[in-house]
Amino acid sequence: MMPFTIFKRLVIGNIIILLLIFTLGSVVLFNLTRLQKLTREIVVKNQESLIVGDRLLDSFASLVKFGEKYFVSRDIDYYNRFVEVKINLEKDFQTIADIMETDEQKHLLSESLASFERYLERFEENAGQVIIGKKINIDFFLTQNGPDINTTAGDLKKILAITRSIITDKTNLSSKMTHQIIIVTVFTTVLTVFLGMIITTFNTQSITKSITRLQKKIEKIAQGDFEEIHTIKGPKEIQDLSLHFNAMCCRLKELDSLKADFVSHVSHEMKTPVTSIKEASAMLSKGFYSDDPQKLKELFCLIHEECNRLLNSVMRILDYSKMEANRMEYNCVRLSLPDVVRKSILKLAPLSQKKQIDLEFFPPLPNIPDVYIDENRIIEVLDNLIGNALKFTPVKGKVDVQCFSQDSGKNLMLTVEDNGPGIKPENLDKIFYKFKQIDNGLGTRMGTGLGLSISKYIIKAHGGNIWAQSRYSKGTKILVTLPAAL
């Protein structure tokens, strides 16, 4: 499973914290909404029910008194007041009917309204008789309507008692909900802070622990220890960093080895000429061979040759630096490649004769295309390739040099083949590394110089390619291609 990146870890951690905060806010908001609804019911609905109920009781009592006074005094003003109160009572009955909550309240209100209507019917019936001048028995009227009056008033009182009980229950529920909201808020807040601390600590620890390991490894690198480290567990960026870090360590080890090889190469290349120059100059300073001009001339020639050898070593290093920086200049002209090859072979023929090596050049077919090359640089390549073949070929061995066209004359191929110790397949590319020494396992160590590395830069600069083929313990073949001058 691919590890999470630092960005994903932080995003996921923040999302979890935000979800907890959102959950906290949602729970609190939900409970507050319920509490607000309950409070609104108490304040608006239930309180109004109490107010209207009390008003109904008072109005109904006034209605009954106005009715009795009307029948006693027969004063029309009392009748008019009775009608006004009746109209208000009917409105209040309609209002309270709309805000009744329980079935019991609705049933009581229905009975109260029925009793009230029966009382009104009897009142209107007796009031009609009073208007036409008939006398009524007031005691009988009161006795007849007493039960309905008591029922109406009693039911209204019961409705008010139920409403007060509902208000009390809702008030208690409101207090309970408030307490629950406080508990949920505190618990969710503590949980959010706790989980936030855990997530932050985990992310911080996973990052800092990995960085601490890298920091310790950097301290070791500063002390010259370039060993690789195991892949660090942690965020993906840290694991990738450890992989790049290992690649850097490998590169530093290569550079450190390269430095050692460079020092070895420079020491080897310069020690011999410097020693020769030192000894020759010491002999001259002490007056040796002062009476033998021929010996003196030989000493001066030795000093001159060793100085040239030392200068050539320095120039090769400088040339390689220019090639690496792509600042090397080439003076290319159109030439015949076989003619250039012959010049190099003639130069190295004495060395092949000395080692009794058969150095043979197979001339190409007629009409081979010319090439645009820097003659001096290509001769430098040929000297190096043929010189290496002669160097690693045993006495009475053989070195073959061939030149021919390929790809329908678009390219020219040059090969230098020997029957020396050969190179292992895994080391074929390494022979072109600078200052690289190859152990072929046959008691022969190859390289530590710049020859093949410089040769590769020169051939690449001419638009060609160079590589090696080898049969281990059978010999090596270096192949070079150059574009033809069309």
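Student: What am I looking at, an experimental structure or a predicted one?
Tutor: This is a predicted model.

Student: OK. How many helices and strands are there in the protein?
Tutor: The protein has 9 helices and 9 strands.

Student: And what share of the 486 residues is buried?
Tutor: Buried residues account for 38% of them.

Student: What about contacts across the sequence, what percentage join residues at least 24 apart?
Tutor: If you take contacts between residues at least 6 apart in sequence, 71% of them join residues at least 24 apart.

Student: Let's do helices. How far apart are the end C-alpha atoms of α2?
Tutor: They are 34 Å apart. Helix α2 covers residues 76-98, and its 23 residues should span 33 Å at 1.5 Å a residue, so the two values agree.

Student: Which residues of α2 are buried?
Tutor: Tyr 79, Phe 82, Val 85, Lys 86, Leu 89, Asp 92, Phe 93 and Ile 96. Notice that the list includes Lys 86 and Asp 92.

Student: Now α6. How many residues does helix α6 have, and how far does it reach?
Tutor: Helix α6 runs over residues 293-324, which is 32 residues, and reaches 47 Å from first C-alpha to last. That is close to the 46 Å expected at 1.5 Å a residue. Just after α6, Asn 326 has a positive phi of about 55°.

Student: And the buried residues of α6?
Tutor: Those are Leu 299, Ile 303, Glu 306, Ser 313, Ile 317, Asp 319, Tyr 320 and Met 323.

Student: Is Arg 377 buried or exposed?
Tutor: Arg 377 counts as buried because its relative accessibility is 15%, and the cut-off for buried is under 20%. The side chain of Arg 377 also makes a polar contact of 3.0 Å with the side chain of Glu 380.

Student: Switching to charges. How many salt bridges does the structure hold?
Tutor: There are 11. One of them pairs Asp 383 with Lys 347, at 2.8 Å from N to O. Asp 383 is in α8 and Lys 347 is in helix α7 (residues 337-354), so this bridge ties together parts 36 residues apart in sequence. Asp 383 is buried, with a relative accessible area of 19%.

Student: Which residues are linked in a salt-bridge network?
Tutor: Arg 118, Arg 122 and Asp 148 are.

Student: What about greasy surface? Which residues make the nonpolar patch?
Tutor: Phe 7, Val 11, Ile 15 and Leu 19 make a nonpolar surface patch of about 380 Å². Val 11 lies in helix α1, residues 6-73, and is partly exposed at 31% relative accessibility.

Student: Last one: where is Leu 428?
Tutor: Leu 428 is in the loop between β5 (411-418) and β6 (437-439). With a relative accessible area of 17%, Leu 428 is buried.

Student: What does Leu 428 touch?
Tutor: Setting aside residues up to four places away in sequence, Leu 428 touches Ile 423, Ala 468, Gln 469 and Ser 470. The C-alpha atoms of Leu 428 and Ala 468 are 6.1 Å apart, though 40 residues separate the two along the chain.

Conventions. Residues numbered from 1 in each chain as written. Predicted model: local features only at pLDDT ≥ 70, side-chain atom pairs only at ≥ 80, totals over all residues. Heavy atoms only, no water. Buried < 20%, exposed > 50% of the residue type's maximum accessible area, 1.4 Å probe, protein only. Polar contact = N/O pair within 3.5 Å; in protein donor to acceptor, adjacent residues only side chain to side chain. Helix = DSSP H or I, 4+ residues; strand = E, 2+ residues; numbered from the N terminus. Expected span 1.5 Å × (residues − 1). Patch = residues over 30% accessible without salt bridge, like charges linked within 9 Å, V, L, I, M, F, W, Y side chains within 5 Å. Areas by Shrake-Rupley, 256 points an atom, 1.4 Å probe, with all protein chains shown as cover. Salt bridge = Lys/Arg side-chain N within 4 Å of Asp/Glu carboxyl O. Contact = heavy atoms within 4.5 Å.
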